Amino acid sequence: MHRTYIGQISDKKDGDEVHLFGWVQEVRKLKKLSFIVLRDHTGNIQITIKPENVSTYDEITNVNRESVLSVIGHVSLNSGAKSGVEITAKEVEVLNSSEAPLPLAIFEGIQSDFETRLNNRSLDLREPSHNLIFRIESSLLWGIRKYMHEQGFQEVHTPKIVASATEGGANLFRVKYFERDVFLNQSPQLYKEMLMASGMDKVFEVGPAFRAEEHNTVRHLNEFTSIDIEMSFCDHNEVMKILEESVNSGLRVVFERFGDEVKKINPDLKIQTIPFPRVTYRECIYLLSKEGVEAKFGEDFSPEQLRLIGRHFPGFYFITEWPSEVRAFYTMPKPGDPDVTNSFDLQYGQWELTSGAQRVHDPKMLENRLIEKGLNPEDFNFHLNAFRYGMPPHAGWAIGLERLTMILLNLPNIREVCLFPRDRTRVVP
RNA sequence: GCCCCGAUAGUGUAGCGGCCUAUCAUACGAGCCUGUCGAGCUCGUGACACGGGUCCAAAUCCCGUUCGGGGCGCCA
């Protein structure tokens, strides 16, 4: 007999025999019979165990919570069960017993500290609401991937071990690589641009990015999953369109699969009409000044300033035309207005989700931009070489998967959206 | 890196100078019990992060350490 998932029992008829596998959520032991609530990742169900039917009765009814069981029994639709359906057990086997007591509270109406939960993450993830986050994240990513394939993007994988530590901006983790030191890549940026020179035209990558920054906030991780795209023969406007549509594609899959659950978690979430609003950096400064908050041109917005701006744009919106000072060397200056760039951030309220831009494709200009940023073009030869023999104009963006999931589900901490988060102090489990 | 806050049974908490041989819930153990379903009832088990100080007296006040939380900064 094949395994039946608990979620499939609703399709069964009274008396159907099923073989279930799962974890013991609760044992209710009475004098003449016992009940076990069995759980798998699709739901839970009450199992009725009577001593006259089940030879392992004593062992089963004394089993610790969260032990793993195999249960063969038949579906009872008209039993006394409050939920309407239960399984009358015929054969029950303990596949593996759990130790007691458990190191954290699950299914007890007690919220353990997040630290306790992370220290016991596998157990913590048995809690359906915690588990759900990752099934939603997976669906979101699938929707984005699906859209990318539909648009003719090719999924690629670029190295995470890199030689250069001088890309500017974020700090990199140094690691041993045989007889020398190398670094964990902070982004696939340079590599995906090099692929534009290969003629691949449209690429995307989903992979880890590492940032050796000592930030200690609820929205930063030192290792996160970056969704990157790069596209040839286009400017920033075209990749913004791709971004809007891919986010909506991800959301559509989430709503198809988890619509009811998502509505409970974040009732405000909906699929937003395209195009998302666009506001320039300069307009944001003006908006802030009207509220009596001074923002200096050429500086990033502080969290407080972003909260104020976010109040004007409740859902997704783009902040465009960032000053060159706050954008990376490869960002294309705006023609005729070189103080700003052909760049954008996708925001959701106060939260920054994506950075993107049209890139510089002229090698001479790129070299000058490196020098302007105080970087040494020598260190970027491997990258500049790709620009010398016919680099097409191109643009792209990167979005943090955890950030996106976090803000869509309105979760208070990015670590909730990461299975095994890496932050300033945590590298275990 | 800076600022603020915290650390009490397995878990989550109350207590914030003597009333603490420390509260409650849950868990765990033993028993009772009704087809139970947040099961119920009885009994039991189990904790003041570490080091120093103040005081007649410290879980409680002070100092330091460690660990943790939040905000800011940093952050292609």
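Which residue in S4 is the bridge partner of Leu20? Val71 in S4 is that partner. This is a predicted model, in which local features need pLDDT of at least 70, side-chain atom pairs count only at pLDDT 80 or more, and totals for chains, interfaces and linings use all residues. Residues are numbered from 1 along each chain as its sequence is written, and side-chain values use heavy atoms, with hydrogens and water left out.

**Strand S4**
- Helices (H or I, at least four residues) and strands (E, at least two) are DSSP runs, numbered from the N terminus.
- Seven of the nine residues of S4 (residues 68–76) are buried, so the strand is largely enclosed by the rest of the structure.
- Buried means under 20% relative accessible area (1.4 Å probe, protein chains only).
- S4 runs antiparallel to S1 (residues 17–29), joined by seven bridges.
- Nine bridges pair S4 with S5 (residues 86–96), again antiparallel.
- Pairing requires at least two DSSP bridges between two strands.
- Glu93 in S5 stands opposite Ser70.

**Helix H11**
- Eight of the eight residues of H11 (residues 401–408) are buried, so this helix is largely enclosed by the rest of the structure.
- Arg403, Met406 and Ile407 are among the buried residues.
- Asn410 follows H11 and has a positive phi, near 55°.

**H4 against H11**
- The axes of H4 (residues 128–150) and H11 come within 10 Å and cross at roughly 115°.
- Axes are lines fitted to C-alpha atoms over the stretch in contact, with angles from 0 to 180 degrees between N-to-C directions.
- Contact (heavy atoms within 4.5 Å) involves residues including Ile133 and Leu140 of H4 and Leu404 and Leu408 of H11.

Conventions: Chains lettered and ligands numbered in written order. Buried < 20%, exposed > 50% of the residue type's maximum accessible area, 1.4 Å probe, protein only.
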